[in-house]
Amino acid sequence: MAVRIGELLLKEERITAVPLQEALDRQKEKGGKLGFNLVELGFVEDDEIASVLSKQYGVPSINLTQFDVDAGVIDLVPAATAQKYEIVPVSRDGATLTIAMSDPTNVFAVDDIKFMTGYQVEPVVAAQTAIGAAIARYYGNGDEPTNGDGSVDSAEAQELGENQLALASQALEDMPVLSDDDVEVLEEEADTDVVTLEKQGGEAPVVRLVNVVLASAIQKGASDIHIEPYEKEYRIRYRIDGTLYTVMSPPLKFRDAITSRLKIMAKLDIAEKRLPQDGRIKLRLSAEGGPKEIDFRVSCLPTLFGEKIVMRLLDQSKLMLDMTKLGFESASLERFEDAIDRPWGLVLVTGPTGSGKTNTLYSAISKINTPSTNIMTAEDPVEFNLTGVNQVQMRENIGLNFAAALRSFLRQDPNIILVGEIRDFETAEIAVKAALTGHLVLSTLHTNDAPSTVNRLMNMGIEPFLVASAVNLICAQRLVRRVCDNCAEEVPTSPPALEDIGFDAELAATVVPRRGTGCERCRETGYKGRVGLYEVLQVTDDLKEMILMGSSTLEIRKKAIEDGMLTLRSSGLHKIAAGQTTIEEVLKETVK
């Protein structure tokens, strides 16, 4: 084992052969593990040893100096046992106890602790010197633990944590903060391994603070949580109805502890701070109407002053699968439904990130999902589970990308194929060929509008005759905030001003836009919820001819409008006339 650690350190150029040999000589003379001797001699740091051990054993690593372990967790493992096996209990999540150890392959230690505590044991790896220091800190003299750098004792941390909980409650005052009994952390694979978040009243305030942030985001209807470190500020923001709001600013000294807590929950490598990481947290929320499960898609990105964490909330209960309620105009919806009812062809949904493309595709799949169809989806990531649909999660690190999944799908006798995104020529080529050989293919592209999607496909390398033959329909979309019905009021606007944004003269004389004045229900913003704007281009025979002739995007757009296509701006004008959204929202998301 020692040789393997040495080889890894050499391979990663953390040490050279001379210091390694000196450490090996010291190990022969005084005993102990190679990593311990390297740290003692000053050749490497604890973090480096933990990172190498993590790779050697294939388990997450942990920096114990960044943890303020609760006394209740320490009490679960007697001092004699901790010293015997060189382990430190780190955290307890329901029926699982996480322990830090230098040798996670020591099954005797794991079994003993499992038998002694009655908990499932999940090991993480740490350097031997760090474990020794932690044992001395928690068991040796009974001193209160610090928050990692020795500057804040547990009493101070508790006080700061209570202050932050109060700030969170104040910032999120329109809804009650969930208690820890209302939240469960679920394992990724199955509901049988449900782990309940215990009451955090006596535990570290950072754990309670993270619970408050997650639970409050769910209650507020946020779509994303941004946790951002700066040089002199640490802030947490929620994206609600497409707009970011700052909800609290914890002390900078809590930065590493909050990051580590979220990484543990998302099963990420705590010691790795130089590379981006992605993970997932699954919670069960006890709310009115019964429990519901919510996924948090976690993304960690190293920035200049620490790791920024963004969490996307995926709430199955908020997935709108009724296509009539998404915001389609009647003519556009009729064209879209006609396209997905065809037995073959390519249907593309386009728009920027966060424009509701996934919701539209899931709604389409839900409408055409019958016991007589075989539906296969390739997604990155799979956001929601759909009954009766075969969903495949992409894994680029092992070669399972969209193109590879598509090839496999064609051997699975599919009727309908959903490709999460067409990113490259290879994926586009297979999708087009599948659409031309008797399959209905649904997918997304990142383009500004529907007509420009045609040229985007050709720029990727798809021949014009294949585009013309394969594509049934292109739907571009945006999301705009919906006027709060509780505080809406009419805003008389002059006809010339309405004509200037696109209304015709006759309609401009009758339209009276609405806006929200702000109330408790909409958090004084005047908006509550969002509605879609849709530009649906049906590829008619005339448009096929134009594509074959190499017509420009402008020419295709002009012909599509003549054939009855509503542009994104026109769809927005319909929403303004219906009092669903405001002029400002439409101008922000569309062009004339």
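This is a predicted model: local features need pLDDT of at least 70, side-chain atom pairs count only at pLDDT 80 or more; totals for chains, interfaces and linings use all residues.
Good morning. I shall begin with helix 10, which spans residues 205-220, and helix 11, which spans residues 255-265. Their axes come within 10 Å and cross at roughly 70 degrees. An angle of 65 to 115 degrees counts as roughly perpendicular, and the two helices are therefore described as roughly perpendicular to each other. As for handedness, the crossing of helix 10 past helix 11 is right-handed.

Which residues make this contact? From helix 10 come Val 206, Val 207, Leu 209, Val 210, Asn 211 and Leu 214. Helix 11 supplies Ala 257, Ile 258, Arg 261, Leu 262 and Met 265. Sorted by class, the contact of these helices has nine nonpolar residues, one polar residue and one charged residue.

I turn next to the cysteines. How many disulfides does a search of the whole structure find? The number is zero. Cys 300 has a relative accessible area of 1%, and Cys 475 has a relative accessibility of 0%. Buried means under 20% relative accessible area, so Cys 300 is buried, and Cys 475 also counts as buried.

Finally, please find Ser 551. This serine sits in the loop that lies between helix 20, residues 541-548, and helix 21, residues 553-562. Is Ser 551 buried or exposed? Its relative accessibility is 10%, and it therefore counts as buried. Leaving aside residues up to four places away in sequence, Ser 551 touches Asn 455, Met 546 and Ile 556.

Thank you for your attention.

Conventions: Residues are numbered from 1 along each chain as its sequence is written. Side-chain values use heavy atoms; hydrogens and water are left out. A disulfide is a pair of cysteine sulfur atoms within 2.5 Å. Buried means under 20% relative accessible area, exposed over 50%, partly exposed in between (1.4 Å probe, protein chains only). Axes are lines fitted to C-alpha atoms, for helices over the stretch in contact, and angles run from 0 to 180 degrees between N-to-C directions. Helices (H or I, at least four residues) and strands (E, at least two) are DSSP runs, numbered from the N terminus. Angles under 35 degrees count as roughly parallel, over 145 as roughly antiparallel, 65 to 115 as roughly perpendicular and the rest as oblique. A crossing is left-handed if the near helix is turned anticlockwise from the far one by less than a right angle, and right-handed if clockwise. Contact means heavy atoms within 4.5 Å. Ala, Val, Leu, Ile, Met, Phe, Trp, Tyr, Cys and Pro count as nonpolar, Asp, Glu, Lys and Arg as charged, and the others, Gly among them, as polar.
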